[in-house]
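Dear colleague,

Please find below the structure that I am handing over to you. My notes on it follow.

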Amino acid sequence: MGSFTNLSNFNSSNTVTCSYDHMTPFAVLMVDMNALQIDPQQWKILSYVSYIGCSLSSFFSTVTIFIYVFMKSPHRDNSLRIHVSLSVALFLLNTSFLLIEWGATWSQDIVCVIIAVIIQYSLLSCFSWMAIEAIHLYLLLIKVFNTYIKNYMVKLSLFGWGVPAVLVAGSLCAYGSKPFFGKTQIKLTNSSEATQFCWITDTHYLYGMNITYFCLTFLFNISVLVAVTHQIFKMRILNTRSSRNLPSRKDICTVLGLSFLLGMTWGLVFFTSGYTNYPILYLFCICNTLQGLFHFLWSYGTMKKNRHLVAQASVTYTVSDPASVSVNR
């Protein structure tokens, strides 16, 4: 694993070609890997897991977007629009991450800077739309009454896409002699090899921007998740009129699904600081690179449920309308 150089002679001129046979694990987006002592073999396995997961997520995020765009049903509620917006952010993140090594092979630094900026923007957008998922969930299940907001989706979109754009643009304008984005390098343990890729070049910026932004999102989302979980179990108790009933399998699956939807798996980053914890790194890479697949399943389930509710409402209206009953007869 590492880079190797080929020296060839073409038209009496020497040409140096740099090739790369290594990849980069997904955890570099949130973890300062230079602070951890990563074994080269573990790095390679983590990288393969990350690239496979990102490829699957990119594919299923694309499927989610296409299903939504070509969906004939006019009943597209705000929940579905938010799910699809998050899928778009995940598609940008996973697709751009697949180019993180390729960009470093270019001699023009601007290519690597562009890839790093796209990754940073899509990462912050993912966190923003996860927070929006929490806001919408809170309005649906906790604050049920008087929740009408004018231009609701427009305001959410300005937050989901606009805030990350302002932060990234500000970062591009604010750096001094050393840019925040470009080619960066990590030296592996017990090896002279180093891996190079396109990402944030300043560790202070990594923690100052990404970790801080995620911490705010995480604290807000986990608060909403606790409140929603309490509401789900409370509704179950009221429906069954018995406080002795334990949460059903469906309730537990719903809470687990909401945990993925609100980005709780990104919280694994808090267990990676200080020492090399390979099980946590593997869980982080597996869970977070497969979020596109999960959101496809969640969005498809939402679309299917909406179609069922619309069909059920249509049947109820037809049966309850005397005129329609006589016509059908």
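Residues 280–298 are 95% helix and 0% strand, with end C-alpha atoms 25 Å apart. Helices here are DSSP runs of H or I with at least four residues, and strands are runs of E with at least two, numbered from the N terminus. The unreviewed UniProt entry lists 280–298 as a "transmembrane region"; such annotations may be inferred rather than shown by experiment.

Please note that this is a predicted model, in which local features need pLDDT of at least 70 and side-chain atom pairs count only at pLDDT 80 or more, while totals for chains, interfaces and linings use all residues. Residues are numbered from 1 along each chain as its sequence is written, and side-chain values use heavy atoms, with hydrogens and water left out.

Helix α4 covers residues 152–174. Its 23 residues should span 33 Å at 1.5 Å a residue, which agrees with the 32 Å between its end C-alpha atoms; the expected span is 1.5 Å times one less than the number of residues. The helix α4 bends by about 30 degrees at G162, and P164 follows within four residues. The bend is the angle between axes fitted to the seven residues ending at a residue and the seven starting there. Among the buried residues of α4 are Y152, L156 and P164 (buried: under 20% relative accessible area; exposed: over 50%; partly exposed: in between; 1.4 Å probe, protein chains only).

The loop between α3 (109–141) and α4 contains N151. Phi of N151 is near 55 degrees, a positive value. Most residues other than glycine have a negative phi. N151 is partly exposed, at 47% relative accessible area.
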